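I opened this model to look up chain contacts, helix packing and sheets. The entries below keep the order in which I went through them.

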Amino acid sequence: MKSKENTKEVFESPLKIRMKLAWRAFKENWKIFSESKIGVLGLWIVITFAIAGFVVYPILASTVWKPTLSGMTSYDPVTGYDFTTMNNPTPPSWHHLLGTDPLGRDVLAQLLYSTPREFALGILAALITVFIGTVIGTVSAYYGGVVDTFFMRLADLVLLFPFIPFLIVLSGMIQIDLLRLALIIGLISGFGGITIVLRSQAMVVKVKPFIESAKVSGASNPYIIVNHIIPNVMPLSFLYMMFNVTGAIFSEAVLSFFGLLNIRMSWGLMIYTADTAGYIVGGNIGHYWWLWLPPGAAITLLCGAFYFIGRGLDEVVNPRLRRR
Amino acid sequence: MLKYIGKRLVQIFILLVVYVAVVFFLLHSMPGGIKAMLTTNPNLTPQARDSILHAFGLDQSLWVQFLTYLKNIFTLNLGVSFSFYPTPVWSIIAERLPRTIFLFATATLISFFIGFSSGKSLAWKRGKVSEYVATIIGVITYTVFTPLLIFVLIWFFGAYLGILPINQFLNPDLWVNTTFDAQTVFLYLLLTVSIVGAAILFSFIVAQKVSHRVKTKKIILYTSTAIASALSIFWWAISPYGIYGADIIWHMVLPVLSVAIISYAGTMLVMRDSMLETIKEDFITTARAKGLPDKVVRDKHAARTAMLPVITNFVLSMGFVVSGGLITESLFSWPGMGMTLLNATLAKDYPLASGALIFTGIFVLFAHLVVDIVYAFLDPRIRY
Amino acid sequence: MKKVILLVTLMVLALGVLSIAGGTINYALVSDITTLNIWSMLGPNATSWNFYVGLAKYGSLYTLSDVTFAVVPSLADGMWTPLKKVTEDGTTLYVTTVHLMKGVKWSDGTPFTADDVVFSYEVPFKLKIPGNWMSNLDPTVFDKIVKVNNYTVKIYIHKLSGKFVYGVLQSTIVQKKYWEPIYKKALKQPDPAKYMMSYGPILDEPSIGAFTISKWQKGAFVVDKAVPNYTFRGQQEIEYANGAVRYVTPSLGLDQTFYGKAEGKIDNKFVTGPYVDSVIFRIYQNQSAAIQALLKGTVDFVLNPNGLQKGFVTQLKADPNVKIVNNPSNGFRYMAFNMRRYPMSLKAFRVAVAYLVNRDLLCNKILQGVAIPLATVVPPGNSFWYDKNIKPYGEGMTTAQRYEAAIKTLKDAGFKWLVEPKLKNGQLVQRGMGLIAPNGKLIKSIKMMAPSAGYDPMRATAALWIEKWANDIGIPIVADLTSFNNIVSAVWDQKYNFDMYMLGWGLTIYPDYLRDFFYSKNGINPGGWNAPGYDNPKFDKAANEFIDQTNMNKARKYGYKLQEMLARDVPYVVLFTSPLVEAYRNRISFEYTKVLDGIQGTYGEKAFVKIVK
């Protein structure tokens with residue numbers, strides 16, 4: 001259907017046409033997406049977190065939270081302290097909007113400091129996954145045969161892979177920091193379920209007439225894959241990217257919660273610190289809520305938000321789900 | 001049918017070999033891997049070190065090592081644990097595997113049925129407030145940070161209400177004068193569950209063959225289920241293990257609840273989507289047009305067709321459930337496989353950690369196989 | 001006559017106490033036990049959890065007195081005879097005679113004799129069972145043991161050493177009757193040590209202690225049952241202020257006093273039980289679960305070698321039925337310099353860094369009292385060995401004074417800066433930059449490895465603070481927060497590949513670590529104890545004198561000397577120790593709660609614990 005549009009504006013540069021088309025497609029899809037309340041909600045949550053982490057934190061860190069040479073209070077998320085409070089953890093106050101942790105560090109600063117890192121982890125892992133998944137899915141679908149069988153069986157395996165147990169054992173052998181974690185999660189899940197889904201989508205695209213015509217006009221196989229098939233499975237890839245972000249952030253939180261990652265600060269680590277110091281037991285749970293609720297809610301919200309966006313996109317990508 | 005099962009068995013076997021290979025090569029290529037650990041562990045006597053090196057075949061080339069390792073796995077020779085030295089890894093796993101299997105078999109079945117039935121009614125209530133509420137709750141429990149949920153459950157049921165046991169898998173006061181192992185009771189419990197399950201499956205098949213009338217089928221199915229359950233309850237009641245089995249089940253309530261809450265939403269959401277697609281199909285419109293009651297259309301026509309992707313999803317979520325189970329086990333003091341894996345990793349006990357990892361994988365693969373076979377029996381559309 | 005009357009009154013008293021005894025108490029373990037086999041327990045599986053449950057069954061010739069940690073006889077009758085030099089087959093040996101208590105019985109009624117002792121020393125020594133067995137019966141010290149008669153043994157050693165007193169004489173004793181057939185079978189195996197260590201379950205093994213293990217439900221609980229015919233039941237242990245320790249044992253008709261005369265003020269007086277029928281050890285997989293159980297009253301006491309964290313204490317304080325005790329733990333966290341590298345090899349550099357470490361600020365303000373400042377290698381809690389006259393660098397100074405002292409030390413040694421640090425009115429107004437060593441070279445960066453916050457927030461925090469203080473005056477220390485294993489691997493596996501690191505040690509009462517940690521030869525081969533590479537011939541000489549003493553009063557003098565040298569040369573900067581906080585329900589009571597390493601250090605005072613409610 002998109003090829004029809006091309007005939008009208010032959011004199012414009014192909015790039016410009018593409019941009020226009022993309023814009024138009026985006027506007028249409030946005031309309032569908034915005035009908036999904038859950039998707040829009042997710043998007044808002046993600047935007048809020050992004051602003052908090054990428055804009056609010058740097059501003060705060062360089063203004064009100066700026067360390068002084070002989071200051072009484074430091075808002076550093078890892079080495080912070082507050083000499084004005086005697087008995088940490090302290091409940092929320094004007095100085096510490098979300099209180100301090102058992103070592104006297106500002107909980108809000110820790111929360112905000114970790115946000116961009118969680119984004120980076122989730123998005124990097126998801127990008128790797130989607131990249132591998134898209135390439136393998138389309139190649140498998142296009143060429144079929146042994147390649148196809150191999151990757152599909154591999155995907156079966158990865159789907160059943162006890163992922164977190166594996167990461168735990170791995171963490172005992174190598175030092176896992178955020179970058180490595182993103183790479184590992186991205187690599188392993190790239191060979192998993194996403195390849196199956198993208199392959200079946202690519203199979204649908206593969207038999208479309210415009211592929212045939214491209215073949216007839218002498219396009220090479222890699223050219224067809226890159227220029228015709230991949231763009232058509234892209235929306236689905238994007239959808240899966242959202243679910244993978246959720247998975248990556250969740251995995252990080254679980255590993256940090258068990259104290260297995262080599263990182264300075266993260267939401268999971270905040271809960272780990274509170275738990276090992278004994279603030280998440282019995283009546284302490286209600287009494288010291290600021291130690292576990294903010295990071296726990298942040299993990300849940302951000303994971304949930306990406307999942308919401310995924311569900312919203314699902315309605316865009318899978319038109320059959322749309323309400324008639 | 002047999003041919004199909006055979007084919008699946010071969011596939012699972014190949015997957016298992018590949019899985020072991022992946023785990024093996026990853027663990028052995030790591031800088032702090034098994035060999036480095038073995039040669040630097042000061043606790044081991046030279047003989048012990050040599051015997052473990054030999055048991056793992058670490059004195060040979062990598063390929064030979066892999067084949068030896070594979071052979072060792074199938075002969076259950078997984079080496080000797082460091083932290084439980086000189087206990088063999090297999091005997092530790094054999095002690096803990098039944099606890100995990102029993103907990104998860106129960107929890108997954110419960111969460112599947114909750115997810116299935118709630119997903120069914122959700123799709124039917126498309127667009128209503130209750131759908132939104134249920135979906136939101138489902139998504140929250142699906143994405144909630146698991147430890148957080150468990151902390152709250154422990155606090156609420158264990159500490160605040162104080163009605164459920166929270167931190168062991170049995171009550172020592174009750175067990176202090178027993179002469180048998182808790183493991184024996186776990187094995188009997190597992191046996192009971194599988195016998196009852198098999199009886200239900202068998203009667204279902206018989207019912208399908210014997211009659212085409214829905215009512216007769218139902219009667220056969222329900223009666224046999226009731227008889228199987230009654231018989232097993234009777235057996236437990238007269239056996240010396242009765243109260244101890246009940247004690248274990250009582251201690252399992254909260255862990256099962258947690259796993260169920262965490263994992264039911266996955267099934268529910270897929271079921272809802274699947275139902276939504278099915279509803280639009282022509283035969284549903286026909287059924288409605290015939291004037292059949294809504295409930296009948298939903299349960300008899302739509303739900304059955306919509307089940308296919310749900311079961312697929314259910315199988316695929318096994319890995320996820322096992323991961324969630326790891327957190328559950330560690331927070332509820334349930335000394336199963338997840339706990340073993342975590343503690344072994346923290347203690348740098350590589351033989352035990354890798355053994356536990358491999359058996360977790362085998363457990364998932366096996367569960368996959370079981371669900372596949374059950375599914376093949378249930379779905380008449382699969383032809384072999 | 002007086003003595004007889006005293007004994008009779010004591011027996012009546014003891015019986016009176018015993019008549020109110022009974023009942024079951026519950027202890028929580030925060031981790032699973034791995035074995036009940038003594039060979040394995042004191043071998044590769046030496047975990048606190050195993051000790052809590054299993055060690056009470058066994059005996060030893062000598063032991064440490066409660067609270068005061070003096071070496072006193074346990075199954076031996078009186079002190080060992082002074083060591084005599086003898087020559088056998090051309091080698092010089094030292095020999096001592098030890099008499100055994102008569103009338104002591106195992107729980108199966110078998111009398112305890114010299115055969116048990118000889119068997120228990122020979123088997124682990126011949127099989128080379130690793131771990132505690134080998135360190136107690138160190139082949140460089142222990143030579144052989146010979147039975148003279150049923151109640152006398154002779155012990156031969158190669159050299160005079162404190163390890164003889166704290167190792168050889170305190171090695172664990174098992175029953176020969178039970179283990180001999182198993183040992184014979186083991187000798188026919190390819191790996192006899194492994195056979196011995198994996199033998200089990202051993203619930204039928206007789207006990208010579210107050211308790212025996214009657215049940216182990218794996219992963220759930222272990223039951224210790226009181227031994228009804230325990231020989232030392234009703235024994236009185238009386239500790240005098242003058243250092244004398246007196247034991248009155250009614251069942252054997254004994255009244256013995258060691259380390260001086262039984263006179264003057266009495267510090268402690270304990271009467272041995274057991275006062276309960278059984279102790280159930282409930283196994284929990286994490287600390288939170290155990291604390292929940294304590295709050296509920298399911299368990300009476302939580303055993304944990306690390307004590308309780310701050311949050312748990314806050315929670316438990318709110319419960320009027322829970323008592324909390326706080327003791328220093330026997331250990332320290334420290335920072336080590338690699339003295340093989342420049343500029344850590346310069347004393348002035350190390351002293352400057354030592355000046356900067358403000359323990360008081362770190363422990364009391366920043367770490368909020370979760371750490372106890374400690375500046376010496378021997379903690380004050382180990383009062384016999386601790387040198388009270390040691391003054392660490394910078395004690396009592398403020399941060400600004402510390403900066404000044406450090407800058408002065410560096411300047412005096414010839415260090416220069418590109419930008420010199422400046423202080424004005426007790427405030428740092430200019431941070432130092434570009435430290436130049438006396439050899440004229442710019443010091444680029446000094447990496448200090450420390451455990452990450454996930455492993456130990458206290459050390460991680462300390463490392464970052466020390467980094468800040470050092471950077472303030474221009475010392476380019478970079479804190480590298482990494483995993484515990486990375487540090488261990490860099491320091492010990494990769495042949496001392498570090499500039500500075502931060503770790504901790506758990507200590508023993510006998511401070512032979514003074515020599516082990518700093519003896520020059522221990523810092524040459526990879527994996528040696530002396531990670532800093534401290535090399536001081538004077539120290540080595542004193543250290544050898546110290547370790548060779550079998551007279552602990554003389555040993556102490558050398559010990560003081562070593563502590564002084566270490567405080568001056570600072571191969572280690574000792575930072576702090578952690579307090580050990582424990583909690584128990586007021587349903588039970590202990591004989592004493594103030595002791596180095598806490599109640600858990602006594603494995604739960606099983607022979608003393610009573611039910612009071």
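The entries start with conventions and then go from chain B to chain A to chain C.

**Conventions.** I numbered residues from 1 along each chain as its sequence is written, with chains lettered from A and ligands numbered from 1 in the order in which they are written. The model is predicted, and I kept to its limits: local features need pLDDT of at least 70, side-chain atom pairs count only at pLDDT 80 or more, and totals for chains, interfaces and linings use all residues.

**Chain B.** I looked up the secondary structure and found 16 helices and zero strands. Helices (H or I, at least four residues) and strands (E, at least two) are DSSP runs, numbered from the N terminus. I then checked burial: of the 384 residues of chain B, 41% count as buried. A residue is buried if 20 or more other C-beta atoms lie within 10 Å of its own, exposed if 12 or fewer, and partly exposed in between, with C-beta atoms placed from the backbone. For contacts in chain B between residues at least 6 apart in sequence, I noted that 73% join residues at least 24 apart. Two residues are in contact if their C-beta atoms, placed from the backbone, lie within 7 Å.

**Chain B against chain A.** I listed the contact, which takes 41 residues from chain B and 35 residues from chain A. Several helices of chain B supply at least two residues each to its side, among them α1 (2–29), α11 (242–279) and α16 (350–378). I noted that α16(B) gives the most, with eight residues. By class, this side of chain B divides into 27 nonpolar, 11 polar and three charged residues. Ala, Val, Leu, Ile, Met, Phe, Trp, Tyr, Cys and Pro count as nonpolar, Asp, Glu, Lys and Arg as charged, and the others, Gly among them, as polar.

**Chain A, one helix pair.** I looked at α6 (residues 163–173) and α10 (residues 221–257) of chain A, whose axes come within 11 Å and cross at roughly 50°. Axes are lines fitted to C-alpha atoms, for helices over the stretch in contact, and angles run from 0 to 180 degrees between N-to-C directions. I recorded the residues that meet: Phe163(A), Ile164(A), Leu167(A), Ile168(A) and Ser171(A) in α6(A) with Ser251(A), Val254(A) and Leu255(A) in α10(A). The contact has six nonpolar, two polar and no charged residues.

**Chain A against chain C.** I counted 29 residues from chain A and 28 residues from chain C in this contact. On the side of chain A, helix α11 (residues 267–276) gives the most, with five residues. That side has 13 nonpolar, 14 polar and two charged residues.

**Chain C, four-strand sheet.** I found an open antiparallel sheet in the order β5-β6-β8-β7. β5 (84–88) and β7 (142–149) stand at the edges with a single partner strand each, so one side of each is left without a neighbour in the sheet. Neighbouring strands are turned by 35° against each other on average, direction ignored. Two strands pair if DSSP finds at least two bridges between them. β5(C) and β6 (residues 91–99) pair over five bridges, and the bridge partner of Lys85(C) in β6(C) is Tyr94(C). Helix α4 (residues 114–127) of chain C packs on this sheet, touching β7 and β8 (152–157), and its direction makes about 160° with that of β7(C).

**Chain C, hairpins.** I checked β12 (residues 236–240) and β13 (residues 245–249), which run antiparallel and are joined by four bridges. Four residues lie between β12(C) and β13(C) in their hairpin, and Gly243(C) in the turn has a positive phi of about 100°. The hairpin of β22(C) and β23(C) has two residues between the strands, and Asn425(C) takes a positive phi near 50°.

**Chain C, six-strand sheet.** My last entry is an open sheet with mixed pairing, in the order β20-β28-β19-β27-β25-β26. β19 (residues 331–337) and β28 (residues 572–577) run antiparallel with four bridges, and Tyr334(C) stands opposite Val574(C) in β28(C).
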